[in-house]
Amino acid sequence: VSSVFMEGNWTWRAYSMAHDGKTTIVFLPDGIEIHRPGRPVVQILMELPYNPRDFYWHPDSRRVAFWVAHTPRPTRPGQLTQARKAVAVMDVTKVSSWKAGDPPPYDVVYSTTPETAPFGLEWSPRADALYLIQRGLDM
């Protein structure tokens, strides 16, 4: 059981459970905890600045999609980049430990552009793609 006071970034609920009930992600003010039966709890520090903070479980209960802040690599020398909203996917069965300084335990699968405002995220009916809604900021 976890008890966390959430101030600022908000979430619909305090945790997100996989469809099979074997994995639970608990929200923390500065990241998440992954709870799996018979394994140590893994705490991951990450920036989750987007509301709502939620996780979208794949039907296989192994992969989970979510929004993260992602700073893309510069494509040319001297280019300034800023963090932007991105979609990440994490295979929770491959996350057995994590410590500050380690690479993120997830893959960024889509990064938005500064001119867009993405929202909504869901797995496709066949679970072979992620759907999101995105609109231009000039709309």
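## Aromatic residues

Phe66 and Tyr106 are both buried, where buried means under 20% relative accessible area, exposed over 50% and partly exposed in between, with a 1.4 Å probe and protein chains only. This is a predicted model, in which local features need pLDDT of at least 70 and side-chain atom pairs count only at pLDDT 80 or more, while totals for chains, interfaces and linings use all residues. Residues are numbered from 1 along each chain as its sequence is written, and side-chain values use heavy atoms, with hydrogens and water left out.

A search of the whole structure gives three aromatic pairs. Rings of Phe, Tyr and Trp (its six-membered ring) pair if their centres lie within 6.5 Å; planes under 30 degrees apart count as stacked, over 60 as edge-to-face and the rest as tilted. The pair of Phe55 and Phe66 is tilted, because the ring centres are 4.8 Å apart and the planes stand at 50 degrees. This pair links distant parts of the chain, with Phe55 in the loop between S4 and S5 and Phe66 in strand S6, eleven residues apart. Phe55 counts as buried because its relative accessibility is 3%; for Phe66 the relative accessible area is 1%, and this residue is buried too.

Phe66 also forms an aromatic pair with Tyr106, which is edge-to-face at 5.5 Å centre to centre and 80 degrees between the planes. Phe66 lies in strand S6 and Tyr106 in the loop between S7 and S8, so the pair ties together parts that are 40 residues apart in sequence. One aromatic cluster is formed by Phe27, Phe55, Phe66 and Tyr106.

## Chain overview

The chain has ten strands and zero helices. Helices (H or I, at least four residues) and strands (E, at least two) are DSSP runs, numbered from the N terminus. Of the 139 residues in the chain, 38% are buried. The accessible surface of the chain comes to about 8800 Å², and 54% of this belongs to carbon and sulfur atoms; the areas come from the Shrake-Rupley method with a 1.4 Å probe, and for residues only the protein chains shown count as cover.

Contact means heavy atoms within 4.5 Å. Among the contacts in the chain with a separation of 6 or more, 43% are between residues 24 or more positions apart.

## Sheet S1-S2-S3-S4

Four strands form an open, antiparallel sheet in the order S1-S2-S3-S4; two strands pair if DSSP finds at least two bridges between them. S1 and S4 are the edge strands, each pairing on one side only. On average, neighbouring strands of this sheet are turned by 20 degrees against each other, direction ignored. The axes behind this angle are lines fitted to C-alpha atoms, for helices over the stretch in contact, and angles run from 0 to 180 degrees between N-to-C directions.

Four bridges join S3 and S4 in the antiparallel sense, and Glu33 stands opposite Gln43 in S4. The loop between strand S1 (15–17) and S2 contains Gly21, which is partly exposed because its relative accessible area is 38%. The C-alpha atoms of Gly21 and Ser61 are separated by 8.3 Å, although these residues are 40 residues apart along the chain.

## Sheet S5-S6-S7-S8

A further open sheet has four strands in the order S5-S6-S7-S8, with antiparallel pairing. Its edge strands, each pairing on one side only, are S5 (56–57) and S8 (107–111). S5 runs antiparallel to strand S6 (residues 63–70) and is joined to S6 by two bridges. The bridge partner of Trp57 in S6 is Val64.

## Hairpin S9-S10

Strand S9 (residues 116–123) and strand S10 (residues 130–136) run antiparallel and are joined by seven bridges. Phe119 has Ile133 in S10 as its bridge partner. The two strands form a hairpin with six residues between them, and Ala127 in the turn has a positive phi of about 60 degrees.

## Nonpolar cores

A nonpolar core is a set of buried Ala, Val, Leu, Ile, Met, Phe, Trp, Tyr and Cys residues joined through side-chain atoms within 4.5 Å. The largest one has 20 residues, and those with the most contacts inside it are Ile25, Ile32, Ile34, Ile44, Val64, Phe66 and Met90. At least two residues of this core come from each of S2 (24–28), S3 (31–35), S4 (42–45), S6 and S7 (84–91). A second, separate core has seven residues, including Ala65, Val89, Leu121 and Trp123.

Not counting residues up to four places away in sequence, Ile25 touches residues including Ile32, Ile34, Phe55, Trp57, Val64 and Met90.
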